[in-house]
Amino acid sequence: MSQPEVRLLYINIDPEKIDPDTLNGWLAQLPARKCEQIGKHRHHANRVQSAAGWRLVEQAMQQLGFNDFSLEAVDFNSPHKSGSAFPADFNISHSGHLVCAAALAGGRIGIDVERIRPLKSNVMRKYLNPEQFRQCEDDPDRFFDFWTRKEAVVKAHGQEGIARLREVELQDSKAEFAGKTWYLTPLQLADGYAGHIATDIPVDRVNIEEVTP
């Protein structure tokens, strides 16, 4: 019997280039309560990223075989769980020009992508152990490899927030957190970005598709 498969959909576009009419078209396909939440974002780019992420969730869930999936079933106060009628988990991440949604049946999933950029050393030290920080002193971009692995695990576990990132113990392609083993898959979706998926079960493969907005 094959192991579960992850469905990952993403777009790569400058959110500032999405005009208001296009954004309104995306919003028209979302539940009113989600549109209300998105409307509270101060910046146009954030509204675009959120609307696009939830549209990608719907497509990813349907690709998993849940053809009747609807965003009406989603608890938008949680990054997880589509409702009891759809035994699957999903998660969203966006940074810079990337917006991603990943879905998995039968397990928990978290995804994190980050645009690689300069950071102050005190930020790195806050979330890494001494050995990880030492590696980042030699190669600052390495921070985003550590960060996306930790963040994906924390997001897969639930709404813990970044305060617990230091508790994630990284072990090559696995991690230990909250008494569980998490399985890590690296992502290379675009130049200048780091990313990882974390799941609580081994997955056979990650099916990745770039979507045209």
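A residue is taken as buried when its relative accessible area is under 20%. In this predicted model, A152 has a relative accessible area of 0% and is therefore buried. The residue is found in helix α6, which spans residues 142-157. Apart from neighbours within four places in sequence, A152 is in contact with G110, I111 and D112, and also with H196, I197 and A198.

The strands β2, β3, β1 and β9 form an open sheet in the order β2-β3-β1-β9, with mixed pairing. Its edges are β2 (88-95) and β9 (205-210), each of which pairs on one side only. On average, neighbouring strands of this sheet are turned by 15° against each other, direction ignored. Strands β2 and β3 (residues 98-105) run antiparallel and are joined by eight bridges. Within this pairing, I92 has A101 of β3 as its bridge partner. Helix α3 packs on the sheet and touches β1 (5-12), β2, β3 and β9; the direction of α3 makes about 30° with that of β3.

Helix α3 comprises residues 44-63 and includes E58. With a relative accessible area of 15%, E58 falls under the 20% limit and is therefore also classed as buried. Leaving aside neighbours within four places in sequence, the contacts of E58 are with F69, S70 and L71.

Note on methods: Residues numbered from 1 in each chain as written. Predicted model: local features only at pLDDT ≥ 70, side-chain atom pairs only at ≥ 80, totals over all residues. Heavy atoms only, no water. Helix = DSSP H or I, 4+ residues; strand = E, 2+ residues; numbered from the N terminus. Buried < 20%, exposed > 50% of the residue type's maximum accessible area, 1.4 Å probe, protein only. Contact = heavy atoms within 4.5 Å. Pairing = 2+ DSSP bridges. Axes fitted to C-alpha atoms, helices over the stretch in contact; angles between N-to-C directions.
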